[in-house]
Amino acid sequence: MAGTSSLGIVVVVVLALIGSTQAQLQMYFYGTSCPKAEHIVKDYVKQHIPNAPSLAAALLRMHFHDCFVRGCDASLLLNSTTGQAEKNATPNLSLRGFDFIDRVKSLLEAECPGVVSCADIIALAARDSVVTIGGPFWNVPTGRRDGVISNITEALANIPSALSNFTTLLSQFNNLGLNTTDMVLLSGGHTIGISHCPAVSPRLYNSTGPGGIDPTMDSEYAENLKANKCKTASDNTTILEMDPGSRKTFDLSYYSLLLKRRGLFQSDAALTTDSTSLAFINQLLSSPTQFFFDEFGKAMEKMGRINVKTGSEGEIRKQCALVNS
């Protein structure tokens with residue numbers, strides 16, 4: 001009897017392993033079901049991103065915000081008639097690129113109806129747009145399926161805040177299986193980022209240093225921001241470059257600015273307050289840019305696997321903003 005029980009357990013374990021293996025993402029998942037899928041995404045990106053390069057940062061940010069809430073399942077794209085979806089959460093109100101994803105989806109639906117997920121479109125478009133502006137390439141295994149739930153509260157709780165300290169940030173990353181180096185690398189996406197004053201105004205007007213300036217921020221940089229950009233604490237429209245002078249180039253200058261205490265967000269500055277994080281920043285800066293590109297790519301591929309839905313989970317949405325009826 002005991003032997004039968006043990007055998008039963010072994011069979012269950014083997015079946016479970018097979019199931020989990022089948023449920024993993026894989027390269028060229030659509031190779032048979034929609035062979036042109038990845039080319040369609042790439043061609044559309046190459047056609048349009050050179051004319052609107054800032055969209056590369058927007059699509060990268062969209063991928064990040066999507067994966068941090070319910071995993072990489074395009075729950076971020078869902079609309080809510082009551083304003084209670086992820087896209088209605090404060091951190092997502094400044095997101096752009098929804099129309100871009102919708103247009104790619106319509107092309108794929110014309111080619112292969114009901115086959116390619118919105119979640120995979122986000123992941124592919126983010127990678128292809130970064131590559132198009134001269135940034136790193138990374139593998140994007142596919143096979144994600146789309147979620148059917150989108151919740152504003154979960155977005156507020158799980159998307160890292162620009163005002164967070166190191167401990168809070170690391171906890172949020174760790175909860176998703178990401179470590180300190182992943183956090184430093186993914187923050188490097190800010191090299192092509194833009195933001196608005198509300199994300200930094202508390203550091204300029206409501207902190208503990210002279211004039212309300214955050215003492216961990218370079219005073220000359222802070223004064224310049226107050227004089228020329230965020231002229232009042234209530235400004236919520238002025239655009240700020242996260243990597244001034246190098247915003248259109250995917251490079252290491254973001255990390256150089258961190259060491260000069262010129263990171264825009266509190267969460268950027270926080271990366272220099274931990275010894276492991278700081279050591280890795282210095283390693284990046286003392287290595288060829290290709291090392292950063294390679295490591296950033298690995299972190300992106302890892303992020304793109306967070307809590308993905310595969311197999312029979314979720315669905316393949318017909319329209320990215322709506323669950324299938």
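Threonine 191 lies in the loop between α8 and β1 (194–196), where helices (H or I, at least four residues) and strands (E, at least two) are DSSP runs, numbered from the N terminus. With a relative accessible area of 0%, threonine 191 is buried; buried means under 20% relative accessible area, exposed over 50%, and partly exposed in between, taken with a 1.4 Å probe and protein chains only. This is a predicted model, in which local features need pLDDT of at least 70 and side-chain atom pairs count only at pLDDT 80 or more, while totals for chains, interfaces and linings use all residues. Residues are numbered from 1 along each chain as its sequence is written, and side-chain values use heavy atoms, with hydrogens and water left out.

**The annotated site around threonine 191**

- The UniProt annotation "binding site", from an unreviewed entry, covers Thr191, Asp243 and Asp251; UniProt positions are given in the numbering used here, feature names are shortened, and annotations may be inferred rather than shown by experiment.
- These positions are spread over 61 residues of sequence, yet they cluster in space, with a largest C-alpha distance of 9.5 Å.
- Leaving aside neighbours within four places in sequence, threonine 191 is in contact with Asp243, Ser246, Arg247, Thr249, Phe250, Asp251 and Tyr254, contact meaning heavy atoms within 4.5 Å.
- Aspartate 251 is found in the loop between β2 (239–241) and α11, and it counts as buried because its relative accessible area is 18%.
- With neighbours within four places in sequence again left aside, aspartate 251 is in contact with Thr191, Asp243, Ser246 and Phe292.
- The side chains of aspartate 251 and threonine 191 are joined by a polar contact of 3.1 Å; a polar contact is a pair of N or O atoms within 3.5 Å, and within protein one must be able to donate a hydrogen and the other to accept it, while residues adjacent in sequence count only if both atoms are side-chain atoms.

**A second group of annotated positions**

- UniProt, again in an unreviewed entry, places the feature "binding site" at Asp66, Val69, Gly71, Asp73, Ser75 and Glu86.
- Although this group is spread over 21 residues of sequence, its members cluster in space, and the largest C-alpha distance is 12.4 Å.
- Valine 69 lies in the loop between α3 (54–67) and α4, and it counts as buried because its relative accessibility is 0%.
- Not counting residues up to four places away in sequence, valine 69 touches Ser75, Glu86, Glu154, Ala155, Asn158 and Ile159.
- Glycine 71 lies in the loop between α3 and α4, is buried at 0% relative accessibility, and touches Asp66, Ile306 and Asn307, not counting residues up to four places away in sequence.

**Domains and nonpolar cores**

- The domain assignment of the chain gives domain 1 (36–158) and domain 2 (166–304), with bounds that come from an automatic or database domain assignment.
- The C-alpha centres of domain 1 and domain 2 lie 23 Å apart, and the contact takes 21 residues from domain 1 and 18 residues from domain 2.
- The largest nonpolar core has 70 residues, and those with the most contacts inside it are Leu77, Phe100, Ile101, Tyr255 and Phe292; a nonpolar core is a set of buried Ala, Val, Leu, Ile, Met, Phe, Trp, Tyr and Cys residues joined through side-chain atoms within 4.5 Å.
- The largest share of this core, nine residues, comes from α3.
- Because domain 1 (36–158) and domain 2 (166–304) both give residues to this core, it lies between them.
- Apart from this core lies another, of 15 residues, among them Ile213, Tyr221, Leu240 and Phe265.

**Helix α13**

- In helix α13 (residues 275–285), Ser277, Phe280, Ile281 and Leu284 are buried.
- Seen down the axis of α13, its buried residues fall within an arc of 105°, so they line one face of the helix; the arc is that of the directions from the helix axis to the C-beta atoms.
- What covers the buried residues of α13 includes α7 (166–174), α8 (180–187), α11 (253–259) and α14 (289–303).
- At the start of α13, the backbone nitrogen of threonine 276 has a side-chain oxygen of aspartate 274 within 3.0 Å.
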